[in-house]
Amino acid sequence: MARWDEILSLPVQNPPTLEFSSSDLVWSKVGGWCDKVDRVALIPFARVDDFVRGESSNKDCPTRFHVEARRRRHPQAPYKPKVDGILEYILYWCSFGPDDHRRGGVVRPSRNTYIRKKKPAGRPNTKRGCTCRFIVKRLMAEPSVALIIYNQDKHVDSNGLPCHGPQDKKAAGTRAMYAPYISEDLRLRVLSLLYVGVSVETIMQRHNESVERQGGPCNRDDLLTHRYVRRQERSIRRSTFEQDQDDVVSLSMWVERHQSHVFFYDDFSDSVPFTVGIQTEWQLQQMIHFGNRSLLISDSRFGANKLKYPIHSLLAFNSENKAIPVAWVISPRFASGDAYRWMRALYNRVKTKDPAWKLAGFVVDDPLADVLAIRDVFQCPVLISLWRIRHAWHKNLVKRCPSTEMQVQISRQLGQAISDICRGHGTVGLFDHIMEDFVDVLNFVEYFKAIWYPRIGFWTIALQTLPLASLETCAVVEFYHNQLKGRLLDEKDTSVYQRVDWLVDKLATKVHSYFWLDEYPGKEDFARYWKKEWVSGLTSFRRAFKIPDADVTFKGQCAKVVDQHDQNKTYVVVNHPGSEFAICDCSLSQSGNLCEHVFKVMKICRSMGSAKPSISLHEYRQALIKMLHCPPHDSMVRDQAVSMAVLVQKQLNAFAGIERNDSLKIFMEQQSGDSASDENGALVDQNQCTPEVALFGDGNSHGSCQVSANGAAGEFDDRLIDQTGNETVVCGENALSCDEMNVDPLSICVSPSGSPAVDGALPTDLWRNRGTNLVDIDHSLNCNNSPKNDALKSRKRFEHETSDHSSYEHLIDGKAQSVDLHVSKVKFLGPDTGFHGNRSSKFITYQRKKKRIMLNKVDVIDAKVGNGICWKGGSKGLKEVSRVDDS
């Protein structure tokens, strides 16, 4: 048991790369059987295939590992849990072994019945007795972990000599120099070209030309044979999607044969609807590569009118800002509970490959999407896209309204209604008014009321609560939608659209091949063989950048754009300038899509200032404004302010160290003598602004403060007194606590990495243990005499100071246990205030007591630099004390 205790104590290693080899792992030596020492490591069981591929891609000795032996316990079989129990045992062996078909080589007795062919097919001839192998065990104690035992890691034969690869001198000039099989990339390229209709002869011709250009074969892929390509073509031609007449049985058989392509599957049942999630290994790699710190877009209802079940596509932006389908989900319905299950399965699959993967945002196109489930699974913000309703409205408006003038008016009104709703000053009633104004357009009005009235309420709520995605996102989804429509729905026999087995098979083969070739850098070599479905290009948003500004002319509410292929042809864009609901007379716009002409006119209008900014930009600016008014948790602005305040504090503390000398005392006495006071203790000079600062804090509670800048000695509202939980000090009429502002009081003590250095990090328990003393030393304020105006100006000045680092100089006292202040007139607020007079001098010492204190009254006193101080008093009544003197 000591061996297994040592094994189970090893860390599970999960390298962040898509593929990894033995050189990327840290190996441990554990005692094995018969006093041997095993070289072991633990990795996630889901990443065993990544380890096999990475180990096969060894540059020093390229090879391929195959499963030589496997033992697997049936999932339903009962078993007794044991520490050393094994759920699955797999022996991987180098494909150049274990048999040795060379002259004088040893062949295992179980394989001695093999009869050599006159023309070997390749694999038997590659057997050279390689002993490199490793064992993978799936542990019963940790089913998600794989134990790798890798003792024979050298590619040598039984004599200890290199038997293949560049190190084997006898392998020079033979295929044993390279890996025994072609790479996965070349296999996908050949299959994709065959699926889209490229002939075998054309594939081999282009391949041989590329090998000649590089000066001959240099790897296994250069040795591609005509026989292999012909065999793959024959396999595709003979395959059929219909494995059984029953669609359900046929789909189950397809899922069983393509386990690597399916990340989620729920069979038909009475309680749970059928759901199948398709993601190939290439799609998974694209999702990890392009989806990390980026957006994921949902196209949730493709083929709802033609297919038996709609397709839910998940898209990611590639390097050209075009959409790549990274997963397909097919289900008769997309309920919230069902969506959560397949989203969780997809997220876990990605995180298994790359634990550091994180999504920046998720864009939905359906207001009924389960936003809470998306946020829970992907831990990212959710946005909504307008492309679906804009596309449907535009398409049906052109189809059902023959008058171009009416099309323009209705489209303008619909666009204005959407803009008002997104900007926060519009409701569903806007659409009722539009339908009443255009009641003459009966066909479109009936369509809108029948189709969109049941949905428009959900759309309104979603547009008001979720941020809006950009127009480029709409263009990307439209481009993908048109691509998928041409590549999937091109069958002559439309009856196959009602079969699910046909749908999953075509998505995983032909449609997948089209999108794989879109990312293939050498696709231009086959340009002459492209079909209509294969043609790809830039989105309409990107094509708009290709149009020069000189090719756009304006006349009233119209704009003319010159065609880039035929300079004698122009397109007319009619509608409110800069609106995405504009009407263009090009074929792309007439089919309901956003064309490059509309984008170009929109760009010019907004750059000239004749059109409003986009709705998404407006919402972005509003979010920034809200963030400035209500800083988020641990915001940089707030932490910057705290760090600068501490810096000022240290400078004032250095000055406070010498304030007890005689010259400073004389100076402060002169300053105090210049200020006269009335009988009630208020300052005579009401025009002088003396900022107020709240001194509060105790050892048991976390306080919050708000700085006031009014200089009058007005008294605060009595409503500031009561509070039972968190302490609150407010200058004005309203009291805001930390809970109400949704701010953690302790978080504002954290110094950001970009803040000015204050001799080390700011202690996190600074305010908790020492309280907070805030002093405002700005002398340039002129305040009115009214207490209400003082409170209002106090709040405005605080908001201004938090947005301008150069305007505030605050002190947060985190060290001194007492503050000595010169006093001309003081009101003691009660016996529990903690204020005690020092009879030996004209100074008062404020000392903190270890108990909770509340704000009862605020008074202004003459401080050492002519500023005022707000004292927070006790809760046992007010006691007025006359001038403190030596007696």
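Student: How many of the 887 residues of the protein chain count as buried, in percent?

Tutor: It's 50% of the 887 residues. Buried means under 20% relative accessible area, exposed means over 50%, and partly exposed is in between (1.4 Å probe, protein chains only). Some ground rules: this is a predicted model, where local features need pLDDT of at least 70, side-chain atom pairs count only at pLDDT 80 or more, and totals for chains, interfaces and linings use all residues. Residues are numbered from 1 along each chain as its sequence is written, and side-chain values use heavy atoms, with hydrogens and water left out.

Student: Why is serine 56 called buried?

Tutor: Its relative accessible area is 9%, under the 20% cut-off, so serine 56 counts as buried.

Student: What does serine 56 touch, leaving aside its neighbours within four places in sequence?

Tutor: Pro62, Thr63, Arg64 and Phe65. Contact means heavy atoms within 4.5 Å.

Student: How do you know that the side chain of serine 56 has a polar contact with the backbone oxygen of valine 52?

Tutor: The distance is 2.8 Å. A polar contact is a pair of N or O atoms within 3.5 Å; within protein, one must be able to donate a hydrogen and the other to accept it, and residues adjacent in sequence count only if both atoms are side-chain atoms. So 2.8 Å falls within the cut-off.

Student: Which residues of helix 4 and helix 5 meet?

Tutor: Val200, Glu201, Ile203 and Met204 in helix 4 meet His226, Val229, Arg230 and Glu233 in helix 5.

Student: How confident is the predictor in the protein chain?

Tutor: The average pLDDT, the predictor's confidence in each residue from 0 to 100, is 74, and 69% of the residues score at least 70. Over residues 120-124 the pLDDT is below 50, and this stretch has 6 contacts in the model beyond near neighbours in sequence. Residues 658-669 are also below 50, with 11 such contacts. Where pLDDT is low, the predicted coordinates should not be read in detail.

Methods. Helix = DSSP H or I, 4+ residues; strand = E, 2+ residues; numbered from the N terminus.
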